[in-house]
Amino acid sequence: MKPNKEVFIKQMPKVELHAHINGSFSNETLEKLSQLKHGTSAKDTEKYNLFTKLDLHDGFEKFKYAHELTDTPEAVALGTECVIRDFNDDNVVYLELRSTPRATPKMTKEQYVMAVIDTIIKMKTELPSIMVKLIVSINRRESIESAEENGALALKYAKLYPDIVCGVDLSGDPACKEFSDFEPILNKARENGLKLALHCGEIENQVEISSMLKFGMNRLGHGTYIKGDNEETLLKNNDIALECCLTSNLLCGVVKTYSDHHFRRFYKNGHPVVICTDDFGVFSTTLSTELHIASDTFSLSSDDLIKLSRMAIHCSFASHDEKQLIHGKIDAYAKSAVGFKVKIH
Ligand code: IMP
Ligand code: ZN
């Protein structure tokens, strides 16, 4: 096969740091989940994926459909397995999944978390080339009591499975509640050794953005509305890496074109940036596609893409030894790619 950009990116060992489980269901996964729940084909699959442009509100509507299908531990396990398989098929070698523990009439939040963790453990033997971690999400739309439960679950399961549960995420509708409502929960998680990867600056709310940046976190999701010099200084001084989800931001209408994406500015300034999918099922994308778009839009060479992958490992919540292992895979690939004289421009 003639090496070209597509092949180079597809085969490159990749690192995904921002992927919500219930937003990462392909049509095939939705079919399987529908079969499991209803014993029939998913009539609504098209409803889930049929869109060309949506705003943040439409996006949240789409999660409801996935949530209806994952209302038992068995379905959560099946969904998680499919997501891991899909990332593995895209040659993702390190994956941080995030998900919101959810109680339904058929499942407790604890059973939800266990279903995800058990699946991650099971996949270690089935798919040994992908390393998977879990970030426990807190949904801003839910009550503070619910957020406290999720924080407590993150702490409990990080103690039981320190190799898997690595952090806490704050996500959900960014217009809901105040960031300060969640500070005590996030502080407790941080004090107990968990990393923080929080959605921040998804909507224009400079007061909240400032207070979040002052509070600090390890990584920040989106950051579309981080614009002022003061905010960029806080980001830099607090060493906060940026998770950039190009297609998610485009389809949600918060950036007009790929070229306008703030990735360009932060990357140019040498700030730690990571390309991520966010919800590859909802936005019909893959990590390879996102890297391809980044390469086309921002003129990234094969070397730049390899560097981005290394940067992603650096920003990950893996241990030192785990990072070394992933670096080894990327180094080997970079060497073989040079051998093939892969030119991607
Ligand atoms: P889950 O946590 O596995 O159920 O994944 C879906 C959930 O992730 C949604 O209900 C939202 O709470 C959250 N989510 C996914 N994408 C976004 C985003 O772009 N902004 C904020 N929250 C998001
Ligand atoms: Zn997200």
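Predicted model: local features only at pLDDT ≥ 70, side-chain atom pairs only at ≥ 80, totals over all residues.
**Entry: the zinc ion**

I looked up which protein atoms hold the zinc ion (ligand 2) and found His18 (NE2), His20 (NE2), His199 (NE2) and Asp278 (OD), lying 2.1 to 2.2 Å from the ion. For reference, I noted that the ideal angle for four tetrahedral donors is 109.5 degrees.

Along the chain the donors follow the spacing H-x1-H-x178-H-x78-D. Distant parts of the chain are linked in this way, since histidine 18 belongs to strand E1 (residues 14-20) and histidine 199 to strand E5 (residues 195-200), 181 residues apart. Are these two histidines buried or exposed? I found histidine 18 buried, with a relative accessible area of 0%, and histidine 199 buried as well, with 7%.

**Entry: cysteines**

I searched for disulfides and the structure holds zero. Cysteine 166 is in no disulfide, and the nearest cysteine sulfur, that of cysteine 276, is 13 Å away; cysteine 166 counts as buried at 8% relative accessibility. Cysteine 276 is itself buried, with a relative accessible area of 0%.

**Entry: helix H14**

I checked the length of helix H14 (residues 302-315): at 1.5 Å a residue its 14 residues should span 20 Å, and its end C-alpha atoms are 20 Å apart, which agrees. The buried residues of H14 include Leu305, Ile306, Leu308, Ser309, Ala312 and Ile313. I set beside this list the reminder that an α-helix has 3.6 residues a turn, so residues three or four places apart point the same way.

**Entry: the largest pocket**

What volume does the largest pocket have? I recorded about 690 Å³. Of the 36 residues that line this pocket, Phe60, Phe63, His67, Asn139 and Gly172 are the closest to its centre. Helix H4 (56-69), strand E2 (92-99), strand E3 (131-139), strand E4 (165-171) and helix H11 (246-251) each supply at least two lining residues, and H4 gives the most, with eight.

How values were computed:
Residues numbered from 1 in each chain as written. Chains lettered and ligands numbered in written order. Heavy atoms only, no water. Donors = N, O, S within 2.8 Å, 3.2 Å for Na, K, Ca; no water. Helix = DSSP H or I, 4+ residues; strand = E, 2+ residues; numbered from the N terminus. Buried < 20%, exposed > 50% of the residue type's maximum accessible area, 1.4 Å probe, protein only. Disulfide = S-S within 2.5 Å. Expected span 1.5 Å × (residues − 1). 1 Å grid on protein atoms, 1.4 Å probe; cavity = no way out; pocket = protein on both sides within 12 Å on 5 of 7 lines; lining within 4 Å. Points joined across faces, edges and corners; volume = space filled by probe spheres on them.
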